[in-house]
Amino acid sequence: MLRVFICGHDSHHRKPCNIFHSHGLSNYLLLLVKTDAWFFWNGEKQKVIPNTVLLFPPGIPVHYGCDLPGYNDDWIHFQPEGENSTAYLRMLKLPYGTAVYPGDFHCLTEYARLMAGICFGDSEHKEELLDHFMCIFLRTLAEDIAHPHMDSVHSRYYLEFSKLRTQIYNAPADKRVLQQMADSMHLSVSYFQHLYKSFFGCSCQQDLIKARLQLARRYLTTTEMCIASLAEFCGYESEVHFMRQFKKFTGVTPTQYRTAHSK
């Protein structure tokens, strides 16, 4: 079993942070870093750019942080238990103390979000679910490392697109104009759209809608915010547009979704 002790999703630090475990940890620490940061490995300070994965093994000093406010990451503390799980982790050949740039960083953050929900939930099958998710997460990461996602033509664009996608999911309510996003990368709109879909399998507009509806679903089930306020909060100028789009993609109205998922 890959035992997940605790994990977190979208952890924000309002101030610059400096996290140092001088004697290391008793378990593995996996970070999905979403902002500019740094970490130390073998006494050497290394820069971290957004959409980076870091893995620290037990018993090794862990030192990371950021120099500017706004650090954001997902984090998972886990440990293989039993010979089979230890062998499984070893077989994946994941690098320690090395910045890894996965092909679909957002997919991994979605796994982390789901695991955090399970971790803090009350399912009687919590340990089993987390074990399965962790296996999927690590396998996905390992395959990404073994089969690089960027060819020589696209590699210079990928990191910028990956940063943009993280920004969309971190702040889906922000107004985004396709022409301006393309201009910021010195690309035509058509080539911008082509690259975005080739990297992530969907258009930028589809991702924006998905991010906004994901945010809406979260707040429908965790707050009593009225539908009109929620629509504005999620970036919609019209409550009617929000309701139509929500039903189109989920099959139910926001009110019906809230009722069905209320505890």
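N51 is found in the loop that runs between strand 5 (44-48) and strand 6 (52-56); helices (H or I, at least four residues) and strands (E, at least two) are DSSP runs, numbered from the N terminus. The model is a predicted one, in which local features need pLDDT of at least 70, side-chain atom pairs count only at pLDDT 80 or more, and totals for chains, interfaces and linings use all residues. Residues are numbered from 1 along each chain as its sequence is written, and side-chain values use heavy atoms, with hydrogens and water left out.

With a relative accessible area of 2%, N51 is buried, where buried means under 20% relative accessible area, exposed over 50%, and partly exposed in between (1.4 Å probe, protein chains only). The side chain of N51 makes a polar contact of 2.2 Å with the side chain of S162 and another, of 2.5 Å, with the side chain of T166. A polar contact here is a pair of N or O atoms within 3.5 Å; within protein, one must be able to donate a hydrogen and the other to accept it, and residues adjacent in sequence count only if both atoms are side-chain atoms. Neighbours within four places in sequence aside, N51 is in contact (heavy atoms within 4.5 Å) with V33, K34, V100, Y101, P102, F105, S162, K163 and T166.

A polar contact of 2.7 Å links the side chain of D207 to that of Y196.

W75 sits in strand 8 (residues 71-80) and, at 22% relative accessibility, counts as partly exposed. The side chains of W75 and S11 are joined by a polar contact of 2.7 Å. Beyond its neighbours within four places in sequence, W75 is in contact with I6, C7, G8, S11, L29, L30 and L31. R3 is 72 residues from W75 along the chain, and their C-alpha atoms are separated by 14 Å.

F20, in strand 2 (residues 18-21), is likewise partly exposed, at 48% relative accessibility. F20 touches P61, V62 and H63, not counting residues up to four places away in sequence. From F20 to G65 the C-alpha distance is 8.5 Å, although the two are 45 residues apart in sequence.

For the protein as a whole, the model has ten helices and eight strands. A compact globule of 263 residues would have a radius of gyration near 18 Å, and the protein's 20 Å agrees with this; the radius is taken over C-alpha atoms, and the globule rule is 2.2 Å times the number of residues to the power 0.38. Along the principal axes, the C-alpha atoms fill a box of roughly 55 × 50 × 35 Å. Buried residues account for 44% of the 263 residues. Of the contacts between residues at least 6 apart in sequence, 73% join residues at least 24 apart.
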